[in-house]
Amino acid sequence: MPRIFRTFLYRLMALAILGSLTTPIVASAQESGLPIPRFVALRSDKVFLRSGPGLRYPKVWIYHRRNMPMEVVSEFDTWRKVRDWEGSEGWVHQSLLVGSRHVIVTDESILLYSAADENARKIAMVSASVIGSIEDCPVNLNWCQLRFGDFEGWAPRHGFWGIYDGENVEG
């Protein structure tokens, strides 16, 4: 084998080895081991949504609503790709998310009842875009117990976003 060809092969192999050492390792789809998708909430009143999983990616949105529910749809290292109730997606650092469960009213309003029954006493009418917490959502019941500020009551499982159909959430 001619010397120039052998030198070329050695350099090619060296480049291949160096290239494989510098190639970023792709994270698994479930970095945290928690199920995907799942609901979480924003920890702070100011959270940046980024176009990619890292500080070098541009900010595409700023959320100013603590406890706003978000759906984690993917994970990469310490970053979570999230979706909001309007369908916007982007990346948020895991430290800006909490596992507590919250909902946001998506209908014009929802009614809270004293029991999981439409004939029960009405407690409050909650307007669109108000954020509340999930106290209880039994899997065998089409109602959830929710808290909005000082008001706690039961609402049918529609008109708000932050829980999956048939999901069981215990407060």
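This is a predicted model: local features need pLDDT of at least 70, side-chain atom pairs count only at pLDDT 80 or more; totals for chains, interfaces and linings use all residues.
Tutor: A disulfide is a pair of cysteine sulfur atoms within 2.5 Å.

Student: How many disulfides does a search of the whole structure find?

Tutor: The general idea is that a disulfide is a covalent bond between the sulfur atoms of two cysteines. Here, the search of the whole structure returns 1 disulfide. C137 and C144 form the disulfide, with their sulfur atoms 1.6 Å apart.

Student: What is the handedness of the disulfide of C137 and C144?

Tutor: The torsion about the S-S bond is about 70°, so the disulfide of C137 and C144 is right-handed.

Student: Are C137 and C144 buried or exposed?

Tutor: Buried means under 20% relative accessible area. C137 counts as buried because its relative accessibility is 0%, and C144 is likewise buried at 0%.

Student: Let us turn to the strands. How is strand β1 paired with β4 and with β7?

Tutor: In a regular strand the side chains alternate between the two faces of the sheet. In this model, β1 pairs with β4 in the antiparallel sense over 4 bridges, and A41 stands opposite P69 in β4. The pairing of β1 with strand β7 (residues 97-98) is antiparallel over 2 bridges, with L97 of β7 as the bridge partner of L42.

Student: How many of the residues of strand β1 are buried?

Tutor: In β1 (residues 38-42), 5 of the 5 residues are buried, so the strand is largely enclosed by the rest of the structure.

Student: Where is E75, and what does its side chain contact?

Tutor: E75 lies in strand β4 (residues 69-76). Its relative accessibility is 3%, so E75 counts as buried. The side chain of E75 makes a polar contact with the side chain of R38 at 2.6 Å, and reaches the backbone nitrogen of S32 at 2.7 Å.

Student: How many aromatic pairs does a search of the whole structure find?

Tutor: The search of the whole structure gives 4 aromatic pairs. One of them joins Y113 and W143 edge-to-face, 5.5 Å centre to centre with 80° between the planes. This pair links distant parts of the chain, 30 residues apart: Y113 is in strand β9 (residues 109-113) and W143 in strand β12 (residues 143-148). Y113 is buried, with a relative accessible area of 7%, and W143 counts as buried at 11% relative accessibility.

Student: Which residues do ring pairs link into a cluster?

Tutor: Ring pairs link F39, W161 and Y164 into a cluster.

Student: Which residue lies over the face of F48?

Tutor: K59 lies over that face, at 4.0 Å from the ring centre of F48.

Definitions and conventions
Residues are numbered from 1 along each chain as its sequence is written. Side-chain values use heavy atoms; hydrogens and water are left out. Buried means under 20% relative accessible area, exposed over 50%, partly exposed in between (1.4 Å probe, protein chains only). A polar contact is a pair of N or O atoms within 3.5 Å; within protein, one must be able to donate a hydrogen and the other to accept it, and residues adjacent in sequence count only if both atoms are side-chain atoms. Two strands pair if DSSP finds at least two bridges between them. Rings of Phe, Tyr and Trp (its six-membered ring) pair if their centres lie within 6.5 Å; planes under 30 degrees apart count as stacked, over 60 as edge-to-face and the rest as tilted. A charge sits over a ring if NZ of Lys or CZ of Arg is within 6 Å of the ring centre and within 35 degrees of the ring normal.
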